[in-house]
Amino acid sequence: MMNRQKWSLTAGVLIVMSFASNTFLSAAEDPAPPEKIRTVEGITEYSLENGMKVLLFPDASSPKVTVNLTLLVGSRHEGYGETGMAHLLEHMLFKGTPTHPTIPKDLQARGAQFNGTTWYDRTNYYETLPASEDNLEFALKMESDRMMNSYVKAEDLLSEMTVVRNEFERGENSPSRMLMQKIMSSAFEWHNYGKSTIGNRADIERVPVDRLKAFYKKYYQPDNAVLIVAGKFDQAEALTLINKYFGTIPRPERKLDATYTEEPPQEGERFITLRRIGEVPVVGVAYHIPAAAHKDMAALDVLESALTDDPSGVLYQALVATKKASSVSGSLFALHDPGVLRLMVEVVKGNDPQVILGIMFDTLQTVIDKGISAENVDRAKEKLLKQYEQAENNSSRLAVELSEWVSMGDWRLRFLYRDALEKVTPEDVKRVADLYLKENNRTVGVFVPVEKSQKVDIPQIDDIAKMIGDYQGRESVAMGEDFDVSPENIDKRTVTKTLPGGVKVALLSKKTRGEEVNLKMTLRYGNLENLQGKRSASEFLPVVMKRGTKSKTRQEIEDELNKLRAQLSLSGSPGELNVSIKTRNESLGKVLDILKQILREPTLPATELEVLKTQQIATLEKQKTDPQSRAILAVRRQLRPYGPEDPRYVPDIDQEIEAIKALTQSDLQSLYENFIGASAGEIAVVGDFSEDPVFTQLNAMLENWESKAAYEHIPAEAHQIPGKLTEIIIPDKANAFYFAGLTFPMNDLSPEYPDIIVAGSVLGSSGLSSRLGDRVRQKEGLAYGVGAFIHADTIDMRGSISIYASCNPDNMPKVETAIKEELALLISKGITKEELADAQKGYLEQEQVSRTSDASLASILSTNLFADRNMTYYSELEQKINAVTTEAAQQAFTKFIHPEDLIIAISGSLKK
């Protein structure tokens with residue numbers, strides 16, 4: 001599908017800049033009112049007097065508002081010695097302004113979900129907050145301020161450069177990512193798409209602050225910006241605020257020149273080899289394709305999906321189904337200028353990568369000669385249309401996604417793409433395969449853990465606006481209700497029942513955007529004694545159940561779900577079988593029919609089990625040389641000191657591989673027949689549905705299905721274990737990982753739970769604004785990601801703290817020291833009143849935001865059923881959080897968190 005990968009700050013760094021000479025909050029007097037340009041399918045475009053574009057997308061059904069500022073500048077606009085500058089500048093814009101000196105902290109205090117991301121053609125900054133006039137004005141004022149007045153200080157650049165460099169080093173740890181980068185750099189000799197957005201290491205380290213300031217001043221101007229506001233807000237009020245904070249910025253005198261470099265047609269296959277330490281070979285290929293606005297884009301998207309889809313894709317069938325490869329993936333780089341179609345294959349150990357390439361190219365030649373079947377073309381279209389519609393139903397997600405379409409040339413391309421996608425035929429797919437999948441048009445790469453010209457002229461787009469014309473779009477999708485997400489209202493609207501067999505049910509019916517409905521179900525079985533030795537079978541069984549029933553094959557199940565625009569997933573662990581559904585009101589009944597067949601009539605196909613085993617083993621092999629996976633696993637194993645047969649046991653990688661190899665279909669069949677049933681469990685349904693018919697269908701799905709084995713909850717336990725430091729040396733890794741944890745007796749009803757949650761939030765709830773984030777990332781620039789999380793079980797007396805950081809191996813001693821000192825400081829000095837207030841406000845608003853997601857709300861209701869409680873628990877918890885004092889937070893943290901008892905693992909290319 002179309003590529004959505006981008007460099008972002010989510011893992012823990014954001015950066016900011018400023019110009020004292022470029023400071024304004026109000027520079028123009030009485031700007032003209034915003035000019036309405038057009039409305040297409042509920043989205044209205046306006047233009048400000050200074051050249052800035054505005055897109056408004058009101059959605060009263062969402063009790064939140066998203067503000068997304070997109071600057072039309074990315075790595076495509078960087079000059080010599082400036083690689084990574086757009087991304088570095090994105091980081092710098094979280095360092096503050098004279099008016100907003102603590103942006104991450106201010107956002108966190110409002111419970112915002114926020115980030116900044118950089119890609120080839122654009123940079124964007126967005127935040128999603130609880131809907132209110134105050135929050136909207138705050139976001140608009142802050143974004144306009146940092147667009148013009150951010151600090152760009154040499155001292156900030158010095159510390160942030162090391163953070164971005166560490167982000168660069170994290171990418172260096174992944175052979176697959178490095179191979180992708182090498183393929184792109186070989187495919188593009190002249191165009192900047194051949195340069196990674198993260199940049200060149202030397203450029204990151206040496207960029208002068210004056211050049212960064214000049215880049216900022218040049219591109220961060222209103223005539224190069226698009227503001228998107230989506231969610232619950234008053235349009236007239238929003239336009240007034242937008243004109244107040246953005247419209248008063250004067251239009252710059254400089255004029256931006258359009259980029260003009262074009263990649264010439266490729267005149268021969270290019271081949272690169274990457275040799276690095278690793279476990280799993282990888283092969284990849286990239287084909288040049290037109291820009292995103294070209295008419296062939298929809299057909300190319302269908303082609304990519306039909307090639308790589310699991311399990312119907314022709315490459316999947318040729319490589320994964322035959323156990324020669326563990327995975328096949330594809331990406332369509334739909335960009336402002338001509339991009340690429342990229343295919344990647346992870347090779348099963350023991351197979352020759354060159355042989356895999358031969359099979360791949362033979363398969364692609366067959367597609368060129370014979371095309372893709374009409375069935376597979378329709379299947380790919382249904383899947384892509386499902387993804388399109390699901391994005392359409394989430395206004396926050398759509399607000400951020402519009403950045404991509406804006407950067408491609410025009411936001412209305414999104415609708416033209418859908419229109420074109422619906423019309424794609426098998427003939428279209430064959431035509432684009434024949435046109436672009438040429439040997440001379442491809443760049444091939446191989447990761448090894450140790451002829452006559454046939455130019456392809458890539459079409460260019462001259463006038464996107466002329467091509468689009470007076471496109472009007474379609475009617476907007478069904479709107480949802482203005483739903484109050486307070487615990488009291490959720491309780492009032494929720495109906496709880498119990499099925500005759502014993503499964504508890506919670507039903508919350510409400511009008512939603514796109515008539516969406518979410519379901520969460522957990523079936524519980526077995527106990528600590530009778531599930532001995534059944535850990536692997538418990539994890540594999542739910543996934544294999546979905547891969548075939550007495551009346552439907554795996555492919556038929558996937559096809560029907562795509563046609564119903566539904567997501568249905570199953571997962572499991574010892575004692576639990578979990579189901580998650582997202583679909584539309586009109587499809588829910590049919591999706592439950594499919595689920596009934598999966599639950600009651602699975603065939604547990606042996607061939608599918610073998611494919612899953614192969615994929616999981618390949619994943620585990622990769623983890624052997626991944627510092628993060630190794631560190632986390634080392635700590636988890638020590639915190640769960642159980643015997644190998646205990647269902648709570650955590651095996652090492654080699655033990656896990658051997659257990660998977662030994663797993664048979666008969667193991668799954670025995671577990672299913674003797675344990676699985678509907679004697680205990682919970683179901684929560686949230687969204688647009690009718691309660692009585694759904695309850696009746698749930699009863700019919702689970703009736704007369706009693707588990708043969710006795711059920712008793714398997715307890716999670718806290719263990720008092722002496723502290724220990726484990727060092728794991730992994731050669732040739734540019735990024736190292738720190739992970740630490742301990743457990744203590746506590747659940748979420750314990751008196752000290754609210755106190756320790758607040759203290760933990762101050763310590764490390766954010767890599768951008770917390771004790772650890774402020775010191776390790778923001779001030780000292782030692783790590784890209786750093787944080788700490790405290791969790792307590794719902795029923796069992798098991799609380800835990802986890803602390804993590806990623807860094808350059810040379811910086812690991814400094815990271816260890818910083819974490820140790822910050823823990824000691826919190827224990828000895830406690831927290832300030834300001835930190836307390838910020839943590840309380842941030843936690844409570846984050847809880848509110850989480851309840852705006854129907855999927856999250858369904859999970860909350862399901863947990864309530866299991867714990868035999870209702871939303872009153874959350875109302876009381878909020879009161880307790882507000883009542884926490886600085887003294888209580890310090891006392892709880894000191895009582896339960898003993899740094900000397902931490903189980904610590906550090907992993908990577910560490911100095912001995």
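This is a predicted model: local features need pLDDT of at least 70, side-chain atom pairs count only at pLDDT 80 or more; totals for chains, interfaces and linings use all residues.

**The whole chain**
- The protein chain contains 32 helices and 24 strands.
- Along its principal axes, the C-alpha atoms fill a box of roughly 75 × 70 × 65 Å.
- A compact globule of 912 residues would have a radius of gyration near 29 Å, and the protein chain has 27 Å, so the two agree.

- Rolling a probe the size of a water molecule over the atoms shows where empty space is left.
- The largest pocket has a volume of about 1200 Å³.
- Its lining is made up of 48 residues, and Leu72, Arg76, Ala258, His336 and Gly409 are the closest to its centre.
- Sorted by class, the lining of the largest pocket has 20 nonpolar, 13 polar and 15 charged residues.
- The second largest pocket holds about 460 Å³ of space.
- Here 23 residues form the lining, and those nearest the centre are Arg76, His77, Glu78, Tyr219 and Thr259.
- Eight nonpolar, six polar and nine charged residues make up the lining of the second largest pocket.

- Helix α18 (residues 535–545) packs against helix α23 (residues 653–662) at an angle of about 65 degrees, and their axes are 10 Å apart.
- The crossing of α18 past α23 is right-handed.
- On the α18 side, the contact is made by Arg535, Ser536, Glu539 and Phe540, while α23 brings Glu656, Ala659 and Ile660.
- Three nonpolar, one polar and three charged residues take part in this contact.

- Between Asp310 and Pro311 the peptide bond is cis, with omega near 15 degrees.
- You will find Pro311 in the loop between α9 (297–308) and α10 (314–320).
- Glu515 is not a glycine, yet it has a positive phi of about 55 degrees.
- To locate Glu515, go to the loop between β15 (504–509) and β16 (516–524).

Terms used:
Residues are numbered from 1 along each chain as its sequence is written. Side-chain values use heavy atoms; hydrogens and water are left out. Axes are lines fitted to C-alpha atoms, for helices over the stretch in contact, and angles run from 0 to 180 degrees between N-to-C directions. Helices (H or I, at least four residues) and strands (E, at least two) are DSSP runs, numbered from the N terminus. A crossing is left-handed if the near helix is turned anticlockwise from the far one by less than a right angle, and right-handed if clockwise. Contact means heavy atoms within 4.5 Å. Ala, Val, Leu, Ile, Met, Phe, Trp, Tyr, Cys and Pro count as nonpolar, Asp, Glu, Lys and Arg as charged, and the others, Gly among them, as polar. On a 1 Å grid over the protein atoms alone, a cavity is a set of points where a 1.4 Å probe fits but cannot get out, and a pocket is an open set with protein on both sides within 12 Å along at least five of seven lines; lining residues have an atom within 4 Å of a point. Grid points are joined across faces, edges and corners, and a volume is the space filled by probe spheres set on the points. The radius of gyration is taken over C-alpha atoms; the globule rule is 2.2 Å times the number of residues to the power 0.38.
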